[in-house]
Amino acid sequence: MDGVIQLGPLMLASDRLFAVAALWLFLSAGTWIGARTESRAARAAWVAALAGVLVARLAYVAENFTAFAVEPWTILAFWQGGFTIWAGVAAAAVMVALLLGRQRATGGLLASLAALALTHMGMMHWLAPPARPLPQGIVLAQMDGQSLPLDSLRGRPFALNLWATWCPPCRREMPMLIDVASGSKVPILLVNQREGQAAITAYLKREKLSAASIAVDPTGSLSEATQAQAFPTTLFVDATGRIRSIHAGEISRAALTAAIRDLERNPI
């Protein structure tokens, strides 16, 4: 599925996996450069990497302050993603220059940082799935049993979150999703996969959650049609019925509202 790399039974979001790989390569480059130049490049690489990650996160938080203000603790939810790459790279470069000064190791480490940053951004652009049509003919059910053809939503943008009650990250994000969906101008459907209404109702009652945005897909037709292999997965669909973007894994309020804003500003 787009946005996910499968390693046996483990599903990893490609953007986060490549970011971790880039960090590891940068630290390795620092160790190698330090050994070759007899400098403190290894230490500088570690400090620069930590500063870069911190600044990249803080820049993303600043850009999405309204969303984080609702749930401040999610600032620490690094596993959800949400980093402003250019800000992190700039901070790391400044730290390298300050720590190493004007020496041969500085140029080598900065060149490594630039090469890895460009490679990472290039990989993300290359791996970004092109907009593709949402398959037609998919019929879901509302919690009251009435049918809900997805084709009826065509002509306006909407979002689909695929989830299950047995999925821990799905359960973590569900209260936030229901809260955002209740006030969103763009419809957000939370489509349960392959579970019956009794199990879903019991879960919602136990967690005291509204069923207003819940849809039921007992056969998993939506996940099969979109090749979603991991839960949760969130699909953002434009007014022409094309899947504009996909978020694999747990989504933050900031990422969700940013994607919704993009659909509102560019519905087609």
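Modeller: This is a predicted model, and it holds one disulfide. The bond joins C167 to C170, with an S to S distance of 2.5 Å. A disulfide is a covalent bond between the sulfur atoms of two cysteines. The torsion about the S-S bond of C167 and C170 is about 75°, so this disulfide is right-handed.

Next, M174 and E207. These residues are 33 apart in sequence, while their C-alpha atoms lie 9.8 Å apart in space. E207 belongs to helix α7, which covers residues 197–207. With a relative accessible area of 42%, E207 is partly exposed, because that value falls between the limits of 20% and 50%.

The last part is helix α1, residues 14–37. The helix has 24 residues, so at 1.5 Å a residue it should span 34 Å; its end C-alpha atoms are 34 Å apart, which agrees. Buried residues in α1 include S14, A22, F26 and L27, and A29, G30, I33 and G34 are buried as well. An α-helix has 3.6 residues a turn, so residues three or four places apart point the same way. After α1 comes E38, which has a positive phi, near 55°.

Technical notes:
Residues numbered from 1 in each chain as written. Predicted model: local features only at pLDDT ≥ 70, side-chain atom pairs only at ≥ 80, totals over all residues. Heavy atoms only, no water. Helix = DSSP H or I, 4+ residues; strand = E, 2+ residues; numbered from the N terminus. Buried < 20%, exposed > 50% of the residue type's maximum accessible area, 1.4 Å probe, protein only. Disulfide = S-S within 2.5 Å. Expected span 1.5 Å × (residues − 1).
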